[in-house]
Amino acid sequence: MIEARHLRVLRAVAATGSFSAAGRELGCTQPAVSQQMKALEASVGTPLLIRSGREMRLTQAGEALVRHAVGILSGLTAAEEEVAAIAGLRAGRVRLVSFPSGSSTLVPTALAALRAAHPGTRVSLEEAEPPKSVELLREGDCDIALAFRYERATGTGDAEQAGEGEWDDLVVRPLLTDRLVALVPERHRLARTGSSGSVAIGDLAAEPWIAGCPRCRGQLVQVCESAGFTPRIDFATDDYPAVVGLVGAGLGVAVLPQLAIESVRPRGARAVTLEPAVRREIVALTLPDLAQVPAVSATLEQLGRAAASLG
């Protein structure tokens, strides 16, 4: 194997014409230069220098290796500088995947702060709901995935986390706990409850429902069935503004995360506190090795700060 340090010695010998002059240029002794040249010739399996008295010239193989050494060493220097820039956050790239309500609330604040602190770091954004976003992370198609999972009732008044263990192979950065709220048309009989108290989800048993993403839809059905009824889902859409628009038009009721309500203007609809409380945990996920990358670590830090500002 050819080592870069040996190529640097060969280039110095070729440029100066002697071991002693090369040693002075490189800051080492003449014997050290001679030893490294012997090691290089042993590794390539052919002589690189012809020594005649005090004169020294390159063999054909030596000339070829010096010619290639220029490009190899300049490429190594460029690589070292680029890696140093990335390590020092003067450069770098982060591929971020987020669910929509995270994209419109947490992400803008975090990325604005990241750009201000490290303008050389570039972040790309793609939207995907979990579990798809987590799959993208595990498959190497992103560096950070914003994800969520719902709490589930235990029947004892407490709650436990659904999907425990599903992220055991990942680095999990908790961001915030997001409570679900009911969304009803503003002329609905329960609309005034928003300012004076809360409603039980069973109070909405007879209503037509608008459901969200598949994971949210499954959670809605689970919560309703635990209250003794199966929701009649008339519409289903992954688009939160569409959910709000359908509720505002009087076509049904919905349950949405508080974070989603903050990201849209609920015209014609009213948010109502829901009891018993249903919450989801929002986290940033990455792979253990990626967590050590400075740009990824800095992005996780800014996402944590953005979540704290919402709290």
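Modeller: A quick word on labels: helices (at least four residues) and strands (at least two) are DSSP runs, numbered from the N terminus. Keep in mind that this is a predicted model. Now for the rings. A search of the whole structure turns up 2 aromatic pairs. In one of them, Phe99 and Phe148 have ring centres 5.1 Å apart and planes at 85 degrees, so they sit edge-to-face. That pair ties together distant parts of the chain: Phe99 is in the loop between β3 (92–98) and α5 (100–117), while Phe148 is in strand β5 (residues 144–153), 49 residues away. Phe148 also pairs with Tyr150, and because their planes are at 80 degrees, with centres 5.7 Å apart, this pair is edge-to-face too. Put together, ring pairs join Phe99, Phe148 and Tyr150 into a cluster.

For contrast, look at Ala249, in the loop between α9 (240–248) and β11 (254–257). Ala249 is exposed, with a relative accessible area of 54%. Last stop: Glu126, in strand β4 (residues 121–127), is partly exposed at 41%. Along with Glu135, Glu139 and Asp141, Glu126 forms a negative surface patch.

Definitions and conventions:
Residues numbered from 1 in each chain as written. Predicted model: local features only at pLDDT ≥ 70, side-chain atom pairs only at ≥ 80, totals over all residues. Heavy atoms only, no water. Patch = residues over 30% accessible without salt bridge, like charges linked within 9 Å, V, L, I, M, F, W, Y side chains within 5 Å. Areas by Shrake-Rupley, 256 points an atom, 1.4 Å probe, with all protein chains shown as cover. Salt bridge = Lys/Arg side-chain N within 4 Å of Asp/Glu carboxyl O. Lys, Arg positive; Asp, Glu negative; His and termini not counted. Charge placed at Lys NZ, Arg CZ, Asp CG, Glu CD. Buried < 20%, exposed > 50% of the residue type's maximum accessible area, 1.4 Å probe, protein only. Phe/Tyr/Trp six-rings, centres within 6.5 Å; stacked < 30°, edge-to-face > 60°.
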